[in-house]
Amino acid sequence: MKNTNVLRGLATISFYAANHEAAKKWYSDFLGIEPYFNVPGYAEFRLGDYQHELGIIDSKYAPAGASEKPGGAIAYWHVNNLQETLDRLISLGAKLYQPITDHSQGAGRFVTASVTDPFGNILGIMTNKHYLEILEKTNQ
């Protein structure tokens with residue numbers, strides 16, 4: 001494989017929820033939009049500058065052996081205002097998983113936080129100057 005861009009971008013991030021209807025409503029309230037695709041057991045939102053997809057799936061469709069506890073990788077969504085977004089998530093019932101953390105030795109280039117949504121999924125948020133630089137280049 002000559003293409004070094006094996007992973008080309010996020011296509012869909014999937015979150016599972018035992019109460020699928022409540023999860024759809026919670027994410028609709030948080031995001032300020034309704035899912036663009038909605039069938040029993042699955043709803044999908046298109047988000048952000050690149051229209052990445054966030055799928056909310058009824059947990060009865062989770063792979064066999066899937067944990068009901070948060071774990072594994074955290075996908076971080078770029079946000080314009082980290083503190084404001086974190087405060088809003090917590091006001092909607094999310095629980096702090098990781099406080100605001102600057103991973104760039106105070107330079108403010110990569111600052112993250114994460115919450116556990118009311119359905120047990122970890123939602124990462126961050127401000128990432130690299131994301132903004134790439135966005136600016138693609139919009140020229």
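**Helices, sheets and pockets**

Mentor: Start with the helices: α1 passes α2 in a right-handed crossing. Keep in mind that this is a predicted model.
Trainee: Which residues of α1 and α2 make the contact?
Mentor: Trp26, Asp29 and Phe30 come from α1, and Thr85, Arg88 and Leu89 from α2.
Trainee: And how do the residues of that contact divide by type?
Mentor: Three are nonpolar, one is polar and two are charged.
Trainee: How do I describe two packed helices in general?
Mentor: Give the angle between their axes and the distance between the axes.
Trainee: What are the values for α1 and α2?
Mentor: Their axes come within 11 Å and cross at roughly 145°.

Trainee: Switching to sheets. Which strands does α1 lie across?
Mentor: α1 lies across β1, β2, β3 and β4, and runs at about 15° to β3.
Trainee: What is the strand order in that sheet?
Mentor: β1-β4-β3-β2, an open sheet of four strands with mixed pairing.
Trainee: Why is one side of β1 and of β2 left without a neighbour in the sheet?
Mentor: β1 and β2 (37–39) stand at the edges with a single partner strand each, so one side of each has no neighbour there.
Trainee: How are neighbouring strands turned against each other?
Mentor: By 15° on average in this sheet, direction ignored.
Trainee: Take β3 and β4. How many bridges join them?
Mentor: Six bridges, with the strands running antiparallel; β3 covers residues 42–47. As an example, Ala43 stands opposite Ile56 in β4.

Trainee: Now the other helix on a sheet. Which strands does α3 lie across?
Mentor: β5, β7 and β8. α3 runs at about 70° to β8.
Trainee: What order do the strands of that sheet take?
Mentor: β5-β8-β7-β6. This is an open sheet of four strands, and the pairing is mixed.
Trainee: Which strands stand at the edges?
Mentor: β5 and β6 (95–102). Each has a single partner strand, so one side of each is left without a neighbour in the sheet.
Trainee: What does the twist average?
Mentor: 20° from one strand to the next.
Trainee: Parallel or antiparallel for β6 and β7?
Mentor: Antiparallel, over five bridges, with β7 spanning residues 110–116. In β7, Val111 is the bridge partner of Asp102.

Trainee: Which residues are the closest to its centre?
Mentor: Gly48, Trp77, His78, Val79 and Tyr131, out of 29 residues that line the largest pocket.
Trainee: Which elements each supply at least two residues of that lining?
Mentor: Helices α1 (20–31), α2 (82–91) and α3 (129–138) do. Strands β4 (52–58), β5 (76–78) and β8 (122–128) do too.
Trainee: Which gives the most?
Mentor: β8, with four residues.
Trainee: How does the lining of the largest pocket divide by type?
Mentor: 17 nonpolar, nine polar and three charged.

Trainee: How much space lies in the second largest pocket?
Mentor: About 540 Å³. There are 21 lining residues, and Tyr16, Ser67, Lys69, Gly120 and Asn121 are the closest to its centre.
Trainee: Where does the largest share of that lining come from?
Mentor: From strand β1 (residues 12–17), which gives five residues.
Trainee: And how do the residues of the lining divide there?
Mentor: 13 nonpolar, six polar and two charged in the second largest pocket.

How values were computed. Residues are numbered from 1 along each chain as its sequence is written. This is a predicted model: local features need pLDDT of at least 70, side-chain atom pairs count only at pLDDT 80 or more; totals for chains, interfaces and linings use all residues. Side-chain values use heavy atoms; hydrogens and water are left out. On a 1 Å grid over the protein atoms alone, a cavity is a set of points where a 1.4 Å probe fits but cannot get out, and a pocket is an open set with protein on both sides within 12 Å along at least five of seven lines; lining residues have an atom within 4 Å of a point. Ala, Val, Leu, Ile, Met, Phe, Trp, Tyr, Cys and Pro count as nonpolar, Asp, Glu, Lys and Arg as charged, and the others, Gly among them, as polar. Grid points are joined across faces, edges and corners, and a volume is the space filled by probe spheres set on the points. Axes are lines fitted to C-alpha atoms, for helices over the stretch in contact, and angles run from 0 to 180 degrees between N-to-C directions. A crossing is left-handed if the near helix is turned anticlockwise from the far one by less than a right angle, and right-handed if clockwise. Contact means heavy atoms within 4.5 Å. Two strands pair if DSSP finds at least two bridges between them.
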